Amino acid sequence: MTTKSRGQSSSEAARYDDGLGCDRASCPESTRALFGTSEAFLASVIENMPTVVFVKDARTGRFILINRAGEDLLGLPRSAIIGMTDHDLFAKEEAERFVARDRRAMQSGEPQVIDEEPIHTPHNGIRCLRTRVIAVRDTDGHPHLLLGISEDITEQKVAGERMRYMAHHDGLTSLANRALFRQQLDAAMSEFRRTGRKVTLFFFDLDGFKKINDTLGHPTGDALLRMLADRLRKCAGEGDIVARLGGDEFAIVHPASPTAKDDTALAGEIVQRVSKPYDIGGHRLTVTASVGISQSSEICSDSERMLRNSDVALYRAKEGGRNSFRFYDPSMDRHLEEKRARELAIRNALGRGEFEVHYQPFVGVSNQRICGLEALLRWRHPEEGLLPPSDFIPVAEEAGLISTLGEWVLRKACADAAQWPVYIGLAVNISPSQCTPALAQTVMSALASSRLSPGQLELEITESALLHDTSTTVSVLHQLRGLGVKIAMDDFGTGYSSLSYLRSFPFDKIKIDKSFVQDLLTDSDSLSIVRAVAGLGASFGVSTTAEGVETAEQFEQVRAAGCTYVQGFYFGRPVPIDEVFRALRERRAAIRKPGYA
Ligand code: C2E
Ligand code: CA
Ligand code: CA
């Protein structure tokens, strides 16, 4: 539909000389004619207004006046416009709309305001007008003129739409943002309540994204998110809403329809597509997704519940090894509740003094004398008895309680060690999440308040501490070393690339994981590994401890393999501090097999 621009013969134009003295060639004069000669000033105002002003004959619908803004809008000279009707100028449908509007103005006697009036112009494409039309009546009370004012609001509307878009979409990926996601989820759920049309919510985040962002920088992270968004759009069907909720958190609202993908198929596709490599700036990167899924049902019929259930399922997906999806089921709630209760109990236990530090000796292979004691945390639970770390440390780590708990262990162990002979060292386990710059401060403070010599303290870290954000961890380790504290690598051989971690920091000691020691007599590979690590240590001047030595035969093997120290039930089980002191008193610090426990 375009404006009809039709030439008009002078005779035709003359026919519309309406007696008001309209001179079609010069609008200011025709304006003056309309409003009286004394209104020259007003005429000039109208002519120069940025708003379109037009006057039509109410009877014939023909234009008898239009200002310069009107000419500009239509891209036609007024000589062509004046005398024409809407039907001459515009396509049928559009013209009928204008005629109907004018008729309403005449019949009602009220101004007609049309907030958004699209109009097809020959030279300016589609424009959007805000128009106000009033009928001007003659002395008999009949409408004889139609006065219209149109404001071109196209730019305003485009800007408004842009703002609305921005308010509802994520700037980076152009996916729906949290606000739009919530709106759409609410709408889908209210439709579910009304019609029973089922809804599935997929809620997921990325495993491994933070590391990419931290190590390769935000531009790389952003590029990955944009590629990922494209992949998600490909997974999604027509009625689905794909949203980025922030950071590396995404969601898909998936209402049921005859053509919609099956929930399990879609979940599988998300996991699979996300985990394909991303080639960005010469790097081949991978991330994986853990997906939690909730489905609408009689008891899950609102957005809150859907969000909560998918969150619970996501949590379980992560727990169950990541790169996978889980559908919510009510047993997950129980699991979560138990976990929450455990978290709370750990907090309370700290306050109630239910934690204890037990100590297990490590012994020099050459002389079988005790060289140090490793601090091992225990929880004397009022109902469950003495609990090993595996029952509560993972929960404490996840709940962010490990720093507090770890600091408590460190202070307690340093205070205990300050009371035993200086030639007996103290080893304290440090969780990966404790390896932050704050750790050096904590260690310094624990040493200062216990007056333990830094040389007596050894901190044991596992290689998983070096898995994430290696540079921060390494600088923390150097800081600790700077204090005079020794650093040991614990559980050596249990990770994927233990050897490579040895290159990232010059450890003082390597503790060979007990799984190798326990297999020594049955598995020749284990023996080779223990020998190799002991040999490696010896050539680099790093001492080695064989953990988990339970028998004389095992001791004989690790001794022959060349380990520096041994630790295990054969030499002593972990015991409370009182027993340590008693044993030390009795044996004058020379603890010989079969141990003091
Ligand atoms: P780990 O650092 O490897 O500690 C040695 C574990 O092996 C201890 O288990 C100890 O009781 C056990 N063990 C020692 N000798 C033998 C043996 O001959 N045979 C067998 N089968 N086991 C032996 P525990 O005390 O249950 O501690 C388990 C883990 O919990 C520790 O492993 C350590 O990673 C962690 N842990 C203990 N205390 C703390 C702590 O204060 N902070 C942190 N972050 N982790 C701790
Ligand atoms: Ca340890
Ligand atoms: Ca260990």
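The model is a predicted one.

The pairs of aromatic rings come first. Counting rings whose centres lie within 6.5 Å, the model holds 13 aromatic pairs. One of these joins phenylalanine 325 and phenylalanine 327 in an edge-to-face arrangement, with 6.2 Å from centre to centre and 85° between the planes. Phenylalanine 325 has a relative accessibility of 28% and therefore counts as partly exposed. Phenylalanine 327, at 24% relative accessibility, is likewise classed as partly exposed.

Another pair brings together phenylalanine 355 and tryptophan 379. Their rings are tilted, with 40° between the planes, and their centres are 5.5 Å apart. This pair links distant parts of the chain, since its members are 24 residues apart. Phenylalanine 355 belongs to strand 13, which covers residues 355–364, while tryptophan 379 belongs to strand 14, which covers residues 370–381. Both phenylalanine 355 and tryptophan 379 are buried. The two residues also take part in a cluster: ring pairs connect Phe355 and Trp379 with Phe392 and Trp408.

The ring of tyrosine 278 has the charged end of arginine 231 over it, at 3.7 Å from the ring centre.

Technical notes
Residues are numbered from 1 along each chain as its sequence is written. Chains are lettered from A and ligands numbered from 1 in the order in which they are written. This is a predicted model: local features need pLDDT of at least 70, side-chain atom pairs count only at pLDDT 80 or more; totals for chains, interfaces and linings use all residues. Side-chain values use heavy atoms; hydrogens and water are left out. Rings of Phe, Tyr and Trp (its six-membered ring) pair if their centres lie within 6.5 Å; planes under 30 degrees apart count as stacked, over 60 as edge-to-face and the rest as tilted. Buried means under 20% relative accessible area, exposed over 50%, partly exposed in between (1.4 Å probe, protein chains only). Helices (H or I, at least four residues) and strands (E, at least two) are DSSP runs, numbered from the N terminus. A charge sits over a ring if NZ of Lys or CZ of Arg is within 6 Å of the ring centre and within 35 degrees of the ring normal.
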